[in-house]
Amino acid sequence: MDQFAPTRRSILGTTGGAMLSAAAIGVLGGVSSSAFAKTAKKSATQGDVDILNVALGLEHEAIAAYSIGAGSGLLAKPVLDAAVLFQGHHKGHRDALIKAITDMGGKPVAAKTDAEYAAALNVAATVKSQADVLKLAQKLEKGAANAYIGVIPSFSSNDLKQISARLAADEASHWATLSFVLGEAPPAAPLIFG
Amino acid sequence: MVNAKGRSLVAMGLTFILAVIAGTGAIMATASGAAPAMPAGDATRGAQVYEDNCTGCHSLDANRVGPAHRGVFGRKAGSAPGFAYSPALKKAKFAWDVAKLDTWLTNPQGFVPGAKMGFRLPDAQKRADVIAYLKKESGK
């Protein structure tokens with residue numbers, strides 16, 4: 001590995017300095033709630049609201065999955081820190097989506113309990129190790145990235161399409177990091193998502 | 001009397017005319033909105049398409065953001081037990097078959113206005129493959 005290749009430790013952000021709080025990461029790293037909502041309100045349709053609510057459902061599930069993973073006792077530092085970091089991003093997405101849906105006159109879909117998400121994701125049967133937690137997160141991140149890409153044509157405005165692309169990019173970045181930590185080489189073929 | 005060369009020219013001419021007629025028919029069918037035939041689906045490839053594109057919201061055996069898919073093929077639309085469908089899909093009166101799933105996956109909200117799903121799968125081969133997978137996983 002040459003001098004420019006990052007180590008897994010540095011990829012996960014543990015350089016020895018203080019970590020940003022999940023809340024601060026959510027505000028700084030995610031979509032600005034008010035900007036998103038303002039953009040979304042311009043030419044919203046009910047279809048847009050419905051799609052944003054589906055996206056919100058995805059974010060609720062992702063937040064729960066990271067909670068379940070972090071609370072499982074299976075994750076060691078620095079992987080645990082990365083899980084909290086990524087959960088913070090998803091909380092930022094969630095908050096921006098809730099504001100946008102509300103501003104567009106819709107009712108944001110509520111989160112289920114962690115137990116309900118764990119059952120639906122079949123965690124008890126499939127998650128027994130740190131690697132299993134990471135693989136679950138990796139799968140959900142890829143699914144979310146592809147979902148955000150797949151809904152782009154259905155949005156009524158270019159602004160919403162672009163925001164969906166930005167959300168997809170966040171999820172793709174999570175997927176790439178998780179894949180690296182799992183020791184997986186990047187896919188040889190291009191157009192990895194979508 | 002027509003010689004061999006003449007017969008050959010006539011045959012070529014007839015072949016050309018038949019090709020023009022066939023081509024014109026195809027152009028007219030396309031212009032009239034007739035859909036091109038669906039490619040044959042492969043359930044094995046479809047499993048990967050499902051994994052990559054559908055498992056963000058769906059599972060075979062659990063309702064998540066989207067309804068569970070085991071048994072979807074042949075099932076009445078909007079009827080997976082325990083899932084909170086849109087009113088539009090709940091009152092839909094059709095059962096899922098190859099053609100309906102293909103149209104749905106091309107543009108769900110265009111097919112069923114008021115549906116919540118906005119995800120589109122634009123590649124016809126991927127749609128055919130994932131439909132073949134869903135059909136297999138539905139025991140059909």
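## Confidence

Chain A has a mean pLDDT of 84, with 77% of its residues at 70 or more; pLDDT is the predictor's confidence in each residue, from 0 to 100. Over residues 1-31 of chain A, pLDDT stays under 50, and the model has 48 contacts beyond four places in sequence for them. Two residues are in contact if their C-beta atoms, placed from the backbone, lie within 7 Å. Where pLDDT is low, the predicted coordinates should not be read in detail.

This is a predicted model: local features need pLDDT of at least 70, side-chain atom pairs count only at pLDDT 80 or more, and totals for chains, interfaces and linings use all residues. Residues are numbered from 1 along each chain as its sequence is written, while chains are lettered from A and ligands numbered from 1 in the order in which they are written.

## Contact between the chains

In chain A, 19 residues are in contact with 17 residues of chain B. Helix 4 (46-71) and helix 8 (130-150) of chain A each supply at least two residues of the side touching chain B; the largest share, eight residues, comes from helix 4 of chain A. Helices are DSSP runs (H or I, at least four residues), numbered from the N terminus.

## Nonpolar core

The largest nonpolar core has 73 residues, and A:Leu52, A:Leu58 and A:Tyr148 are among those with the most contacts inside it. Such a core is a set of buried Ala, Val, Leu, Ile, Met, Phe, Trp, Tyr and Cys residues joined through C-beta atoms within 7 Å, buried meaning 20 or more other C-beta atoms within 10 Å of a residue's own. Helix 4 of chain A gives the most to this core, with 13 residues.

Notes
A residue is buried if 20 or more other C-beta atoms lie within 10 Å of its own, exposed if 12 or fewer, and partly exposed in between; C-beta atoms are placed from the backbone.
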